Amino acid sequence: MKVFVVVEDDTDLQSLIRMVFSEDPRFTVGGAATSAEEGIEMARSAEAGVIVLDNGLIGKLTGIEAAPQFKEVAPLAKIILFTARAELQAQAEEEPAIDAFLLKTDIFELLSLAQQLTGLGPHAST
């Protein structure tokens with residue numbers, strides 16, 4: 001079972017991300033946060049395996065700025081920078097703490113990306 005943590009300030013998008021992950025019972029939600037600061041504490045306590053991290057958040061830190069702190073508290077977690085801003089891709093790729101970049105317009109690729117990053121592979125439907 002892989003725990004995922006959502007760090008996204010839009011609660012509707014938080015719900016959509018949870019719905020996407022609910023398609024694979026091998027993932028369980030560890031929580032949702034609206035700021036990087038809150039998310040870092042959540043990732044630590046939830047023993048996160050996947051962190052879905054927006055860049056523009058409530059609080060002082062952006063997702064890219066906070067990514068190294070997430071890796072520090074959850075070193076085995078795979079961090080997906082999930083943003084609406086395509087121009088952040090190069091910056092995300094230069095940040096070693098970020099494992100993948102995905103645009104919010106590609107939300108339905110989120111689950112397969114998380115499966116790939118965690119080595120779970122696609123879930124077979126019954």
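Student: Which loop does Glu47 lie in?
Tutor: Glu47 lies in the loop between helix H2 (36-46) and S3. Helices (H or I, at least four residues) and strands (E, at least two) are DSSP runs numbered from the N terminus. This is a predicted model, where local features need pLDDT of at least 70, side-chain atom pairs count only at pLDDT 80 or more, and totals for chains, interfaces and linings use all residues. Residues are numbered from 1 along each chain as its sequence is written, and side-chain values use heavy atoms, with hydrogens and water left out.

Student: Is Glu47 buried or exposed?
Tutor: Glu47 counts as exposed because its relative accessibility is 68%; the cut-offs are under 20% relative accessible area for buried, over 50% for exposed and partly exposed in between (1.4 Å probe, protein chains only).

Student: And what about its phi?
Tutor: Glu47 has a positive phi of about 50°, although Glu47 is not a glycine.

Student: OK, switching to Asn55. Where is that one?
Tutor: Asn55 sits in the loop between strand S3 (50-53) and helix H3 (63-73).

Student: Buried or exposed?
Tutor: Asn55 counts as buried, because its relative accessibility is 6%.

Student: Which residues is Asn55 in contact with?
Tutor: Leaving aside neighbours within four places in sequence, its contacts (heavy atoms within 4.5 Å) are Thr62, Gly63, Ile64, Leu81, Phe82, Thr83, Arg85 and Leu88.

Student: Phe82, then: what's its bridge partner in S5?
Tutor: Leu102 is the bridge partner of Phe82 in S5. Strands S4 (residues 78-83) and S5 (residues 100-103) pair in the parallel sense over four bridges; pairing takes at least two DSSP bridges between two strands.
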